[in-house]
Amino acid sequence: MAFNIYDFTTLTKSIHEGLSSSYSPTATLAIEWTIVGLAYLLFVALFGLLLVYAERKVCAAFQQRLGPMRVGPWGLLQTIADFIKLLMKELITPKNADKFLYNLAPFIVITVTFLVISVVPFAPGLQTFDFDIGVLFVTAVSSVGVVGVLLAGWSSNNKYSLIGAMRSGAQIVSYELSVGLSLITMIILAGTMQIGGIVEGQREMWFIFKGHIPALIAFLVFVVAGTAETNRGPFDLAEAESELTAGFHTEYSGIKFAFFFLAEYINLFIVAAMATTVFLGGWMPLHFGDLSGFNAAMDVIPGLVWFFLKVGAVIFLMMWFKWTFPRLRVDQILNLEWKYLLPINLFNILLMAAVVLFGLHF
Amino acid sequence: MDELKEIMITTDEIKADEYLINMGPQHPSTHGVLRLLVKLEGEIVHNLQPHVGYIHSGIEKMAESLSYPQIGHLTDRMDYLSAQQNNEAVSLCIENALQVEVPDRVKYIRTIMSELSRLASHQLWWCVMGMDMGALTTFFYGLRDREDILDIFENTCGARLTLNYNIPGGLMFDIYPNFQRDVKAFITKFKTKLPEYDRLLSGNVIFTERTKGVGYLSKEDAIAFGVTGPTGRASGFACDLRKHQPYSAYDKVSFNEVLSDVGDTYARYQVRMQEMWESISIIEQLIDNIPEGDYAEKMKGVIKLPEGEYYQRVETARGEFGVFIVSDGKKNPYRVKFRSPGFSNLFTINHIAKGWKIADLVAIMSTFDLVIPDIDR
């Protein structure tokens, strides 16, 4: 098998050829899907755990403490231990809950994250789907997640859950607009909705540099709206601890709670991955115009590493928000979207259109 | 009775869009076992009714069968963040009744300890205020600095929270040799840390948006409800007993009574933040001038107050704490009543939180700095 860290197409091709030489086309497809599915499952589980650990450590650093230190070296096994604990816990269904919806809700939330993650380009050749409408697919599918949250709040038969779910519904529906519009701004610049095409378009220069002012505004709006979409602080109204105890997942326990928890962190990854792909060049290395020596040095670092470095930086930024800011109130959160972000976004689209039309970008 | 009915919530008064929720007795924002029955329409608070008594421990009744020096030990358990001031109030009340003049050294040490305890209490309030607003990082900043004060307390009297440091006639022990050095070191350090609090929370745009103009309490209402302490002073009610009825060594120091006439949640926040600076200044004025002398006046083995009624009030971190003792000349009191600041402050909440959102209710409650055992006693 030809393994090349810089380009995974050779690896996937050789696997495909190896399989088709000994199996029928249908069986080959079935085996490949299984491999891909398992790979995603493994990635989501491991990366979710890693993010939980990272959040604990980052949060600890902000709060002048060490974070988990006891289980394993530097507490590395702490999240795994916690996960095992969650697996072993009793699954409680409250009395008078709508049992079918109550059990369905966590699966909707986790399914949506799996669907979205399938279009994320990790490295050259390491992307499952590359639709023509990739960006549209991401925004469309990720908005289904709110259904899971609403169902969880509604079916729990708990007033705190219901308030949390309603807040979350209002919030996600509003911020979807900003996410969508800031992505559209970048699509104008990229000229394509295909995620592979967007990444390819940033070979010479990342879009955040290429589109300068409007791209920067779009990036800021995207990060703010993305934080709100993932229900993280300072927009964590849906689970506002001091007001609603735990919001929409108050009544969930064990593995179902773990699903919500994992989905939150994978959503965090998805928002960071989209920001990386659309604004920060995806897996493309950092290139500066004519500095050929510098560019060649940057090319040495594999695309996979670039991707995760950028994703890590955006995730760190979002954790920074969470551990610094107080929480907004529900009317303020909607004001921010409808009175500030949306007009800024609409104006920004015009600005970007003008920039592209008159060729004012780099 | 009619007035009472107005704030009582019954289920047959619920309109179509309204619903009831119980915040507490187990709820993150009530900081203890307080229960608020809240009538909501969507997110808007239409009415609320505090239910107290979940941690009632009958301290006043217990005091009737205890000797006078023993009463002081119970008061630690009421407002545990103002243990020093509560102790002091009981001791002062008994000393005044017996007309005992305590040495100056005792007065100075009591004042310093009271101010340290006020600082520790305000630090904890600040931590929790941030936490209630969703900024969890504040909690660790505040507790980090509070730890230094608790260390001083521990070295002084062996306890960190329930100090039991005052006895009728003076103090349980003298201060330890390095007390002054430690307090000065803490003050120097804390002066650099306090601006950090402002940088983290006070100026934050989300925080000011959440607090400015929210939960207005007018001066008239503050007086009518008997609101005292920083909560009252934020509404412009000059009620600082340290200034207006000085006890211990407060008449020997100069400090400002922090007042604000705004009366909203942000004003209550700012008054407490400014009070920390005033406390620092009081400690600085006293720490180098502690006079030599005895740390306690010699008292009789069995203390008996002359027949009569005695009242002494002090300014705790939450407001006016009063001790009312009725004596019939025996070795234990006939009746003891504590006037706790939290009780009066809490019951304004129905008045000022109506019409605000549930998130504002949490913020308003947080600026009242409630300690539930202080309310329930």
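User: Before we go on, what pLDDT must side-chain atom pairs have to count?

Analyst: Residues are numbered from 1 along each chain as its sequence is written, chains are lettered from A and ligands numbered from 1 in the order in which they are written, and side-chain values use heavy atoms, with hydrogens and water left out. This is a predicted model, so local features need pLDDT of at least 70, totals for chains, interfaces and linings use all residues, and side-chain atom pairs count only at pLDDT 80 or more.

User: Back to chain B: what percentage of its residues count as buried?

Analyst: The C-alpha trace of chain B spans about 70 × 50 × 35 Å along its principal axes. Buried here means under 20% relative accessible area, exposed means over 50% and partly exposed is in between, using a 1.4 Å probe and protein chains only. Of the 377 residues of chain B, the buried share is 60%.

User: And what share of the chain B contacts with a separation of 6 or more comes from residues 24 or more positions apart?

Analyst: A contact means heavy atoms within 4.5 Å. Take the chain B contacts with a separation of 6 or more: residues 24 or more positions apart account for 71%.

User: How many strands does chain B have?

Analyst: Helices (H or I, at least four residues) and strands (E, at least two) are DSSP runs, numbered from the N terminus. By that count, chain B has 16 helices, and its strands number 8.

User: Which strands stand at the edges of the open sheet of 3 strands in chain B?

Analyst: The order is 6-7-8, with antiparallel pairing, where two strands pair if DSSP finds at least two bridges between them.

User: How many bridges link strand 6 and strand 7 of chain B?

Analyst: For comparison, strand 7 (residues 320-327) pairs with strand 8 over 5 bridges, one of them involving B:Phe324 and B:Lys337. Strand 6 and strand 7 also pair in the antiparallel sense, with B:Glu309 having B:Val326 as its bridge partner. Their hairpin has 4 residues between the strands, and B:Gly319 takes a positive phi near 145° there. The count for strand 6 and strand 7 is 8 bridges.

User: At about what angle does helix 4 of chain B run to strand 6 of chain B?

Analyst: Axes are lines fitted to C-alpha atoms, for helices over the stretch in contact, and angles run from 0 to 180 degrees between N-to-C directions. Helix 4 (residues 83-98) lies across strand 6, strand 7 and strand 8 of chain B. Its angle to strand 6 is about 145°.

User: Over to chain A: within what arc do the buried residues of helix 1 fall?

Analyst: The buried residues are A:Leu11, A:Ser14 and A:Leu19, and they pack against helix 2 of chain A. On the other side of helix 1, A:Lys13, A:Glu17 and A:Ser21 are exposed. The arc is that of the directions from the helix axis to the C-beta atoms. Seen down the axis, the buried residues line one face of helix 1 because they fall within an arc of 130°.

User: What is the relative accessible area of A:Asn231?

Analyst: Most residues other than glycine have a negative phi. A:Asn231 is not a glycine, yet it has a positive phi of about 60°. A:Asn231 lies in the loop between helix 10 (212-229) and helix 11 (241-244) of chain A. A:Asn231 counts as buried because its relative accessible area is 7%.

User: And is A:Gln64 buried or partly exposed?

Analyst: A:Gln64 also has a positive phi of about 60° without being a glycine. A:Gln64 sits in the loop between helix 2 (25-62) and helix 3 (78-88) of chain A. Its relative accessibility is 42%, so A:Gln64 counts as partly exposed.

User: Last one: which chain A residue does B:Met23 touch?

Analyst: B:Met23 is in strand 1 (residues 18-23) of chain B and is buried, with a relative accessible area of 0%. Leaving out residues up to four places away in sequence, B:Met23 touches several chain B residues, including B:Leu34, B:Val38 and B:Ile358. From chain A, the residue touched is A:Tyr160.
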